[in-house]
Amino acid sequence: MNEALAEKQTCPFPLARDADHVLDLPLDYRRMRQEEPIVRVTLPSGEVAWLVSRYADVKLVLSDERFSSRVAAPGFPKGFYFPVDPQPGAFVAVDPPEHTRYRRMIMGQFTKKRAEALRPEIQQIVDEHIDKLLAGPKPVNLVTAFARPIPLMVVCDLLGVPYSDRLAFGRWINTLVEANPSPAARNASAAALFGYMNKLVADKERKPTDDVLGRLAGEQIRKGELNRNEAVVIGMMLLSAGYDTTASSLSLSVLSLLQNPDQMKLLREEPEIAVSAVEELLRHQNVMQHGVARVAVEDVELAGQTVRAGEGVIALTSSADRDDEMYPDADQLDLTRGGSNPLAFGFGIHSCIAKFLARVEMQIALSTLVRRIPTLELAAKPEELEFRNPSAMVYSVNELPVTW
């Protein structure tokens, strides 16, 4: 902990949401943006960092090389961001040139062009799951029947997970993202998933396949540019980027549309707005509720304060996406807003590598859902829904019972 920073007055972080407004951010965020755009906070770990809440300042922190992503750097606020030291291959936890070397190995699989080319396959996956919904009993939990399995199927295709293994694969992943798994269950699932990924990469070393892990095994590992453990860690990073955040964004987007029936009607009647609608939903429901951690590598003047080298900074992307200076009436969901540039996937060289893919998944899933099930409605009172606790990195609803 930076002792000079710790001596100054701080407030605890994270902050709780208002129980009556669970789709909105903690009320203090608005006050911070207006009065204290940079404040000192203490994480549950005891670490102290600067919290930045305005759009312009958050964007600066995410794009300026004076703020480092290197988790091993002194002063980096690991907290709940990195409770375990990242292993080689965790490209989100390092700076260039190491970050660049890892990211270049896989970025060809995650271009916008590649994501657009996957539309027919994603559409088929979405339609199959809606067919199951319509043929099954009501009500149904849309989280487990729709929001989770769609991105799981897509990421399994990308990584090259065989169909015969996907049931177990999904079970391990879902244990890790459940609301309150026991430590034993969480540890067992993490170990099983890591062991499985290790075996999968080893299999692909012997017989390379045309997927992300197969290409890593057949090209980088074979050339000695990467070892198996690094490939496994890269796979785990992609799994994290391509599954839980997308599933959570889908869940909260559907709930937001159900809570704003005029907006859901608009998307149903004007499907051509799907692209801009998803940008607005990502802005309004930025699931990365605790933002992104960085550490200053030199003194920086930020929002009227001097952030010293070695001091941690938290770029609060969820607050930035509700900044009225950037988006007038920002708390209002408006699918016709236009011009939304959400920070849901971060910004700069560390922006989420799966951002184009996630957008396409959401565009197809949401527009197809409201078109094929036009009478979709909640099967519970809004106040009965349970959400992830304030300490969860990715915000989501635990269950979303719906009927039609």
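## Leu-176 and helix H9

Leu-176 lies in helix H9 (residues 166-177); helices (H or I, at least four residues) and strands (E, at least two) are DSSP runs, numbered from the N terminus. This is a predicted model, in which local features need pLDDT of at least 70 and side-chain atom pairs count only at pLDDT 80 or more, while totals for chains, interfaces and linings use all residues. Residues are numbered from 1 along each chain as its sequence is written, and side-chain values use heavy atoms, with hydrogens and water left out.

Leu-176 counts as partly exposed, with a relative accessibility of 24%. On this scale buried means under 20% relative accessible area, exposed over 50%, and partly exposed in between (1.4 Å probe, protein chains only). Apart from neighbours within four places in sequence, Leu-176 is in contact (heavy atoms within 4.5 Å) with Arg-186, Ser-189, Ala-190 and Leu-193. Between Leu-176 and Val-300 there are 124 residues of sequence separation and 37 Å in space, C-alpha to C-alpha.

## Helix H8

Helix H8 covers residues 149-159, and nine of its eleven residues are buried, so it is largely enclosed by the rest of the structure. The buried residues of H8 are Pro-149, Ile-150, Pro-151, Leu-152, Val-154, Val-155, Cys-156, Leu-158 and Leu-159. Just after H8, Gly-160 has a positive phi of about 90°.

## The six-stranded sheet

Six strands form an open sheet with mixed pairing, in the order S1-S2-S3-S9-S6-S4. Strand S1 (11-12) and strand S4 (67-68) are the edge strands, each pairing on one side only. Two strands are taken to pair if DSSP finds at least two bridges between them. S1 pairs with strand S2 (residues 38-42) in the parallel sense over two bridges, and Pro-12 has Thr-42 in S2 as its bridge partner.

Strand S9 (residues 312-315) is covered on both faces: Gly-312 and Ile-314 on one side, and Val-313 and Ala-315 on the other, are all buried. S9 pairs with strand S3 (residues 48-52) in the parallel sense over four bridges, and with strand S6 (residues 292-296) in the antiparallel sense over four bridges. Ile-314 takes part in both pairings: Leu-51 stands opposite Ile-314, and Ile-314 is also the bridge partner of Ala-293.

## The three-stranded sheet

A further open sheet is formed by three strands in the order S5-S11-S10, with antiparallel pairing. S5 and strand S10 (377-378) stand at its edges with a single partner strand each, so one side of each has no neighbour in the sheet. S5 and strand S11 (residues 401-403) run antiparallel and are joined by two bridges.

Asn-141 is found in strand S5 (residues 140-141), and its bridge partner in S11 is Pro-401. Asn-141 is buried, with a relative accessible area of 18%. Not counting residues up to four places away in sequence, Asn-141 touches Asn-398, Glu-399, Leu-400 and Pro-401.

## Arg-337 in a loop

Arg-337 lies in the loop between helix H16 (317-320) and helix H17 (355-372). Its side chain reaches the backbone oxygen of Pro-328 at 2.8 Å. A polar contact is a pair of N or O atoms within 3.5 Å; within protein, one must be able to donate a hydrogen and the other to accept it, and residues adjacent in sequence count only if both atoms are side-chain atoms. Residues up to four places away in sequence aside, Arg-337 touches Glu-280, Arg-283, Tyr-327, Pro-328, Asp-329, Ala-330 and Gln-332.

## Cavities and a pocket

The structure holds six cavities of 30 Å³ or more, and the largest cavity has a volume of about 60 Å³. On a 1 Å grid over the protein atoms alone, a cavity is a set of points where a 1.4 Å probe fits but cannot get out, and a pocket is an open set with protein on both sides within 12 Å along at least five of seven lines; lining residues have an atom within 4 Å of a point. Grid points are joined across faces, edges and corners, and a volume is the space filled by probe spheres set on the points. The lining of the largest cavity includes Arg-17, Leu-23, Arg-283, His-284, Ser-318 and Tyr-395. By class, this lining has five nonpolar, four polar and three charged residues; Ala, Val, Leu, Ile, Met, Phe, Trp, Tyr, Cys and Pro count as nonpolar, Asp, Glu, Lys and Arg as charged, and the others, Gly among them, as polar.

The second largest pocket has a volume of about 370 Å³. Of the 17 residues that line this pocket, Asp-20, His-21, Val-22, Leu-23 and Gln-259 lie nearest its centre. The lining of the second largest pocket divides into eight nonpolar, five polar and four charged residues.
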